[in-house]
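Here's a quick briefing to read with the structure open.

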Amino acid sequence: ATPTALLVGTGRGAQLGILIKGPEVLESTRRVDTVVLDKTGTVTTGRMSLIAVHPAEGEERAEVLRLAAALEHASEHPIARAIVAGAGDDLPAVEDFQNVEGLGVQGVVEGRAVVAGRERLLSDWSVHLDEELATAKKEAEQQGRTAVLVAWDGKARGVLVVADTVKPTSKEAIEGLRGLGLRPVLLTGDNEVAARAVAAEVGIDEVIAEVLPADKVDVVKRLQDEGRVVAMVGDGVNDAAALAQADLGLAMGTGTDVAIEAGDLTLVRGDLRAAVDAIRLSRRTLATIK
Ligand code: ADP
Ligand code: MG
């Protein structure tokens, strides 16, 4: 490889909105056959909004929202922000707050032990959903939405439905990746049903869901052990280790600094189509060198 040709590739990358850490990065894209995509903030905008509150029988809608929001006020997760924004001001204080990574949040609000998050988190507290709440959860997930389950004092009190939107450019980007002969895989901590709905919307059929933040890197390793050469695209703190482990790490420029630091390339505008450009560019650059 002549350094000059590689540098030309790097310059062209900048024009396309792709920042490349070093020219040698382009070389590692050559054999990539699989592209793992984080869901929230990468395939979707990550800007979430609260769209529904389903109280359990005998519970007040406003009270379910108020206690959940009080708890979420202490979290920076996009889901938490959506719930707080949907609840308005005047939230009570939280004591003993705990963020349970990839599962939800818990704490004490006005003397009640409150939990908000995935079903698994509620199960840890031996709380189970009644049929009505289970249906509300399932329906939300079938539409690609995230259901946040709320419980306090040992009983499920309601389901909050949070929606994210697929970026308008994601579908075209996935088609572009396929056009280059690459296999797209959706990777997320979100539930399987919601992840499948989003995947279907953008044309991905391989989905790995309900993966805890610390386990994303293991998914990349496992694919590599199967002989696949993996590019990973992500934006979050929880994607950083996976970005570093991947044969090629592509960070969304709109994402966290930790992710950008861990990636080999940055897609400056957060547009997934730039991932296609990056891989196409590197192949072309390398073809010129050969
Ligand atoms: P992703 O991989 O999509 O970026 P995370 O790993 O951050 O998602 O979270 C995985 C899941 O854990 C979320 O989809 C949500 O169900 C739950 N969760 C995480 N944080 C919170 C929170 N603050 N409140 C409620 N649920 C949460
Ligand atoms: Mg993300």
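In this predicted model, 11 residues of domain 1 are in contact with nine residues of domain 2. Sorted by class, the side of domain 1 that touches domain 2 comes out as six nonpolar, three polar and two charged residues.

**How the chain is divided**

- The domain assignment puts 3-45 + 166-289 of the protein chain in domain 1, while domain 2 covers 49-163.
- Taken over C-alpha atoms, the centres of domain 1 and domain 2 are 32 Å apart.

**Helices α3 and α4**

- If you look at helix α3 (residues 61-72) and helix α4 (residues 78-87), you'll find that their axes come within 9 Å and cross at roughly 135 degrees.
- Angles over 145 degrees would count as roughly antiparallel and 65 to 115 as roughly perpendicular, so α3 and α4 are oblique to each other.
- As for handedness, α3 and α4 cross in the left-handed sense.

**Who touches whom between α3 and α4**

- From α3, the contact is made by Leu65, Arg66, Ala68, Ala69 and Glu72.
- From α4, the partners are Ala80, Ile83, Val84, Gly86 and Ala87.
- By class, this contact of α3 with α4 has seven nonpolar residues, plus one polar and two charged ones.

Terms used:
Residues numbered from 1 in each chain as written. Chains lettered and ligands numbered in written order. Predicted model: local features only at pLDDT ≥ 70, side-chain atom pairs only at ≥ 80, totals over all residues. Axes fitted to C-alpha atoms, helices over the stretch in contact; angles between N-to-C directions. Helix = DSSP H or I, 4+ residues; strand = E, 2+ residues; numbered from the N terminus. Parallel < 35°, antiparallel > 145°, perpendicular 65-115°, else oblique. Left-handed = near helix turned anticlockwise from the far one by under 90°. Contact = placed C-beta atoms within 7 Å. Nonpolar A, V, L, I, M, F, W, Y, C, P; charged D, E, K, R; others polar. Domains from an automatic or database assignment.
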